Amino acid sequence: MKPPGRTRRPTGRTRRTTALLTVAAMTAGLLLAAQQPAAAGPNLVRNPGFETPGSGDMPFCWAKSGWGDNDFTFTTTADAHTGSAAMKVELTRRLDGDRKALITESADCAPHVVPERQYDLSFWYKSTTPDTALTLFRHDTTAGWQYWTDLRTLPMEGDWTRSEVRTPAIPPNTDQITWGVSVFGTGSVTTDDYAMEEVAPPTPDPVCTATAEECAKGRWDVMPTKNPVRSMHSVVLHNGKVLLIAGSGNDPAMFEAGTFTSAVYDPVAGTYKNIPTPVDMFCAGHVQLSDGRVLVMSGNKGYPSADGTIGYQGLKDSYVFDPVTETYTRTNDMNGGHWYPSATILGNGDVISFGGLKEDSTGNVTAEKFSAAENKWLPLHQVNQTWSFWGLYPSMILMQDGRLFYSGSHVFGNGTPGTGASIYDYDANTITDVPGLRNKDQRDESASVLLPPAQDQRVLTIGGGNNETNPVANRLTDIIDLKEPNPQYTAGPPLPQGLVDQGQGKRPQTGDEGKMFVSAVLLPDGKVLETGGGMHDRADPVYEASFFDPVTNTYEEGLAADPIPRTYHSSAFLLPDGRVMAVGDNPGNGTYNHNVSIYTPPYLLKGPRPRITSVIDGAWQYGDTQRITVDRPIAKAELIRPAAVTHSSDPNQRFVDLPMSVVDDRTIDLNVTSNPNLAPPGWYMLFGVDANGIPSVAEWVHLGAPSAAARAAKDAPSAHVHDFAGDLAKSPKKNGKKRASAPVGPKVAGCDRHYGSANVCVPLAFPAPVQATTRSRCDWLTAHGYGRLKVNGKDDPLRLDPDRDGRTCGKGDLRR
């Protein structure tokens with residue numbers, strides 16, 4: 001098996017828009033030759049057996065297709081499954097790309113389809129390479145022909161073998177599809193007797209089992225037991241429990257006392273267990289390793305000084321949390337401190353981390369890499385470096401070819417050079433900007449998510465603001481399709497509005513008022529729940545929730561809203577039972593909300609749920625076909641990576657489609673991607689979803705790399721890496737010179753440290769329409785629960801203590 005990293009991309013050539021996705025090869029014992037079609041409609045493929053000659057050297061309604069640097073032949077051969085003709089595609093040399101015989105993209109030849117319907121595709125084949133994939137294109141009524149998806153990789157077969165797979169639901173605005181078998185390694189595939197049959201339409205919608213309002217909007221429940229720790233970090237473990245990490249919990253008194261806390265929540269029992277926590281993991285980074293342990297990196301070495309001359313300081317420390325023993329174990333140190341670091345798992349199980357603040361509060365410019373093989377952080381000279389400062393909690397999303405997409409989402413800090421978003425190629429060690437992100441310097445505290453399914457390679461960025469100038473948070477949403485040759489952000493629909501509480505009671509949002517610190521959660525029905533957030537940095541919570549539908553690029557507004565404010569230091573995340581849990585809220589006045597909310601989406605109120613009755617094998621490998629049984633028909637299945645979220649950031653959150661081969665209504669073969677960059681190794685929640693969007697309770701499966709023996713024997717397929725983002729218009733930036741750090745001001749957190757303690761954030765800039773007067777500023781602080789704050793030192797830059805009694809907003813002050 002060739003390495004799973006991205007292939008080299010030739011330049012100066014024309015290529016069609018094709019995408020990465022690889023799915024599923026057959027494993028021994030699960031051959032599909034004996035399957036019967038799950039549908040029995042007419043065959044929609046014209047000339048399915050290549051028997052009718054065409055006007056050139058290809059049969060009627062078939063065309064040569066593919067891209068890249070390779071040597072190939074297309075042969076109409078008499079070595080057929082039935083009749084007198086079959087199609088053989090062979091690669092004798094390959095640097096990159098693929099070749100495929102494709103149903104001709106024409107009105108007469110390409111099968112016509114109906115949006116939202118599904119189709120069973122089948123064919124007979126034999127091959128001499130495992131590097132083959134069933135690839136689909138679709139005709140958009142507005143945009144024309146474009147790559148859609150891959151549905152399976154095929155194992156080598158010396159004799160004629162039948163393969164069948166069901167398409168996902170046909171996307172909107174699609175009137176035709178075309179498909180064929182791609183060859184992306186040296187060797188050949190011979191195919192014959194293609195068939196495409198429409199699956200019977202789904203049954204009518206079930207009857208709702210709750211109130212009409214709950215059936216339309218869902219329901220939030222506030223749990224009777226509160227979160228025992230001031231958690232800033234939430235990680236869903238592969239046993240279904242939730243790790244809640246507080247460290248000192250943004251409480252300087254706990255930091256001084258050395259009181260650092262974590263808790264494990266059991267959603268089934270509704271109980272919490274306190275976990276001994278060795279260091280202050282407040283504002284650390286975290287990611288789930290391939291074995292299910294949680295890597296926690298950096299944290300808080302020190303709080304800002306009272307006079308504001310020293311900012312937050314990052315730790316070098318690193319630990320792994322074991323869900324089995326529920327204990328932390330120290331690893332080797334990172335090369336430097338990283339308060340607010342990124343953490344992205346790569347396709348080989350390694351972890352890469354950028355940004356954050358060093359031990360001296362300056363910006364860390366070094367990349368750090370944790371080796372899965374060596375179970376340690378690598379020394380600096382073994383990690384590629386651009387000496388770039390990526391900011392705090394930069395959202396770094398793994399792309400299908402192993403590159404990283406910086407979405408432009410971050411926490412604290414703006415005004416970075418460039419377009420606000422970029423692609424980082426670790427192997428080439430280059431950064432290339434991508435255009436289109438609107439208001440790039442007002443995307444602080446925004447959220448970014450890889451939209452379902454991961455194979456589509458589309459990223460949504462939501463809201464944000466600027467914690468230093470403190471304008472009203474925006475309603476902007478931007479979407480980028482990384483399948484495009486020169487991807488760029490385009491405007492998405494504006495974020496829906498709700499009720500905002502600015503200290504005088506709730507009122508409807510108006511104009512362009514949006515959210516910062518919004519949460520975005522991938523749901524098993526393929527939608528994204530956005531919830532929580534505030535209208536200013538650490539203030540003015542917004543009570544609103546909506547679904548974003550990646551199929552239609554629209555919001556479903558007016559969902560039930562979490563009754564608990566969820567702004568700074570809040571998290572929302574998917575539980576294995578399909579509900580969403582929300583914790584935390586730490587406004588600028590230093591308080592913390594320990595209430596826990598649970599959201600029941602409408603899909604759980606539509607009637608009985610499908611049930612996965614068995615998973616034949618819970619240890620999955622790339623390119624597998626894995627069999628499950630269900631208690632009634634399902635329309636789709638997917639893997640969802642469990643959450644590891646903080647500060648609106650979870651760059652590893654992803655939803656991976658599992659194309660299905662339907663044996664019968666109760667037996668399903670799931671086709672697993674062969675590309676570990678699409679689904680990095682580790683534990684996943686497996687959901688089955690019926691035609692009405694009702695999901696099962698998740699089963700846990702572990703996805704890992706094939707064995708070395710299998711790779712050596714070529715029994716496992718290679719990743720079918722399409723040539724996405726391969727024609728970037730901008731040239732890579734020139735890497736900077738080696739340096740120790742980047743300058744970062746101590747006010748990066750947006751707080752004026754002349755007042756109160758380190759966990760209290762008096763804003764550097766008060767939001768409009770607060771006037772620059774003592775009374776107006778004190779009225780705002782009073783409405784937001786700050787109380788009378790100690791004045792640190794002799795300076796009073798905001799004129800909050802004119803009577804000089806050492807406390808803000810006294811009676812004498814309010815006369816000013």
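**Ground rules**

I number residues from 1 along each chain as its sequence is written, and side-chain values use heavy atoms, with hydrogens and water left out. As the model is predicted, local features need pLDDT of at least 70 and side-chain atom pairs count only at pLDDT 80 or more, while totals for chains, interfaces and linings use all residues.

**Entry 1: the annotated domain**

I looked up UniProt, where an unreviewed entry lists "domain: Galactose oxidase-like Early set" for residues 609–702. UniProt positions are in the numbering used here, feature names are shortened, and annotations may be inferred rather than shown by experiment. In the model, residues 609–702 are 0% helix and 48% strand, and their end C-alpha atoms lie 23 Å apart. Helices (H or I, at least four residues) and strands (E, at least two) are DSSP runs, numbered from the N terminus.

**Entry 2: a four-stranded sheet**

Next I followed an open sheet of 4 strands, ordered S36-S37-S40-S41 and paired antiparallel. Two strands pair if DSSP finds at least two bridges between them. Which strands sit at the edges? They are S36 (519–522) and S41 (554–556), each pairing on one side only. The twist averages 30° from one strand to the next; axes here are lines fitted to C-alpha atoms, for helices over the stretch in contact, with angles from 0 to 180 degrees between N-to-C directions. S36 and S37 (residues 528–531) share 4 bridges in the antiparallel sense, and I found valine 521 opposite leucine 529 in S37.

**Entry 3: a pocket**

I used a 1 Å grid over the protein atoms alone: a cavity is a set of points where a 1.4 Å probe fits but cannot get out, a pocket is an open set with protein on both sides within 12 Å along at least five of seven lines, and lining residues have an atom within 4 Å of a point. Grid points are joined across faces, edges and corners, and a volume is the space filled by probe spheres set on the points.

The second largest pocket has a volume of about 720 Å³. Of its 35 lining residues, Phe389, Trp390, Gly391, Thr416 and Pro417 are closest to the centre.

**Entry 4: the cavities**

My search of the whole structure gave 11 cavities of 30 Å³ or more.

Why does the largest cavity lie between domain 2 (213–604) and domain 3 (612–713)? Both domains give residues to its lining, so it lies between them. These domain bounds come from an automatic or database domain assignment.

The second largest cavity holds about 100 Å³ of space, and its lining draws at least three residues from each of domain 2 and domain 3.

Most residues other than glycine have a negative phi, and most peptide bonds are trans. I noted a cis bond from proline 452 to proline 453, with omega near -15°; proline 453 lies in the loop between S30 and S31 (458–462). Another cis bond joins alanine 768 and proline 769, with omega about 5°. Phenylalanine 412 has a positive phi of about 70° although it is not a glycine, and lies in the loop between S27 (404–406) and S28 (422–425).
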